Amino acid sequence: MIPETPDELDALAGEYVLGVLEPHDAQEIEAALATNAELRRAVAFWAEHLHPLSALASPVEPPAGVWGGIVARLDGPARNPSSSRWWNRATPWRWSTAGFAAAAAGLALYITLTPMSSAPSFVAVLHAPQQDQASWVATAGRAGLLVRAVAGGTPPSDRVFELWAIAPGGAQPQSLGVIPPDGVLRLGGLPDVVRDGATLAISVEPPGGSPTKQPTGPVVFVGALKAM
Amino acid sequence: MRPENGPLAALFMDDNQATALSSSAILIAAVGRGSRSALKRLYELESRRLYGIALRIVRRPEIAADVLQDVFIQVWQNARTFSAERGAGSAWLTGIVRFRALDAVRKLGREIPSGDPSLGDEAVEPNVIEQIDAKAEAVALRRCLASLDENQRRCVVLAFVDGFSHAEIAQRLSAPLGSVKSWVRRGLLALRSCLQS
């Protein structure tokens, strides 16, 4: 429960930035950041103002192999960043972390667990931009598109999740519909935009979905469709 | 405002120029456009500081090295979401390394040093105020930390710098858990009102 009084909100945000909250309380904050501008402001305040304290940790030369390890991982199978994506512009909170590697691990697990007889043509693992955990799995094929919550499938109260697809290299998200409360969305056919390399994203929207045909709330989950 | 830190500055230079400059924010913006040389330069500029922060929290060099690697992978993947107008690149990096280091501590655990120099541990946060940078951005924090009572100040420092939980602070200060929680909270509120004044 995120408090509404300024003192309580600021104290909680400060505890979050300090890192003293229990994991489930910290997760509650992270989920609420997507929709609570006051909380975002409070967290940004503490991150900025407490930062000079980090100078109390003396700089230390890192082991020689660290940079080489970074290069090896960048040259490996992980994704490279690309040009500015619409969800970064649309998201008011600049997410501090992401979990592409974890999403890839989740994808591998999903593939492992999926019987070959029902192998989909496309698959995507969606994750919250600040968390390592795969949260949604999307599969698409001749039978249509199925998006299912793995974790974190509940929108904030009085809000809904809406699913969007962006063609590879495209800038305009296309709505694929509001995700029902049970966290499972099925589409009978495949819109043209659902193809290899397309991006799927889930935003937080008012009941009934975005009134503007473009995302109006923050993008809380994102992932890329890969051909199988 | 120094021109190399302005939010628009990045629009007027190519990534080679950006790499030659030493502002973290400019380098992060160039990394966001896919510049590997900017990432290398950022590593040269920030790795000792970030490794020091990680090591202070996780206390084991091999884990701190993993944390540092994760940080730069994450910077490569997320740099495009960094918005220079939000503030200093170094604060953004500090947030990432602390998040990663605290995550590693939660997963892997660590030993909490006693704070007793006779056992080879560092004394509890000596002369904290004097050690904080004299840079402009830190002046207000120095002044406001000095205005806290000692228990509140020690709690905030142990949590932020050492990554201690409430329970670990209580153990370190030999104080009841409830008192520590209250000191953290009151310390934060006192800091906020001082910083905003």
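## Helix α10 of chain B

In α10(B), the buried residues are Val180(B), Trp183(B), Val184(B), Arg185(B), Gly187(B), Leu188(B), Leu191(B) and Arg192(B). Buried means 20 or more other C-beta atoms within 10 Å of the residue's own, exposed means 12 or fewer, and partly exposed lies in between, with C-beta atoms placed from the backbone. Helices (H or I, at least four residues) and strands (E, at least two) are DSSP runs, numbered from the N terminus. This is a predicted model, in which local features need pLDDT of at least 70 and side-chain atom pairs count only at pLDDT 80 or more, while totals for chains, interfaces and linings use all residues. Residues are numbered from 1 along each chain as its sequence is written, and chains are lettered from A in the order in which they are written.

How far apart are the end C-alpha atoms of α10(B)? They are 29 Å apart, which agrees with the 28 Å that 20 residues should span at 1.5 Å a residue. The expected span is 1.5 Å times one less than the number of residues.

## Packing of α8 against α10

The axes of α8(B) and α10(B) come within 8 Å and cross at roughly 95 degrees. These axes are lines fitted to C-alpha atoms over the stretch in contact, and angles run from 0 to 180 degrees between N-to-C directions. The two helices are therefore roughly perpendicular (65 to 115 degrees).

From α8(B), the contact includes Cys155(B), Val156(B) and Ala159(B); from α10(B), it includes Trp183(B), Leu188(B) and Leu191(B). Contact means C-beta atoms, placed from the backbone, within 7 Å. By class, nine residues are nonpolar, three polar and two charged. Ala, Val, Leu, Ile, Met, Phe, Trp, Tyr, Cys and Pro count as nonpolar, Asp, Glu, Lys and Arg as charged, and the others, Gly among them, as polar.

## The interface between chains

Chain B gives 57 residues to the contact and chain A gives 42. Elements that give two or more residues on the side of chain B include α3 (36–58), α4 (61–78) and α10 (177–196). The largest share, ten residues, comes from α4(B). This side of chain B divides into 29 nonpolar, 17 polar and eleven charged residues.

## Strand β4 of chain A

Strand β4(A) (residues 160–166) is largely enclosed by the rest of the structure, because six of its seven residues are buried. β4(A) pairs with β7(A) (residues 199–205) in the antiparallel sense over seven bridges. Pairing requires at least two DSSP bridges. Val160(A) stands opposite Glu205(A) in β7(A).

Five bridges join β4(A) to β5(A) (residues 174–179), also running antiparallel. Here Glu162(A) stands opposite Val178(A).

Note on methods:
Two residues are in contact if their C-beta atoms, placed from the backbone, lie within 7 Å. Angles under 35 degrees count as roughly parallel, over 145 as roughly antiparallel, 65 to 115 as roughly perpendicular and the rest as oblique.
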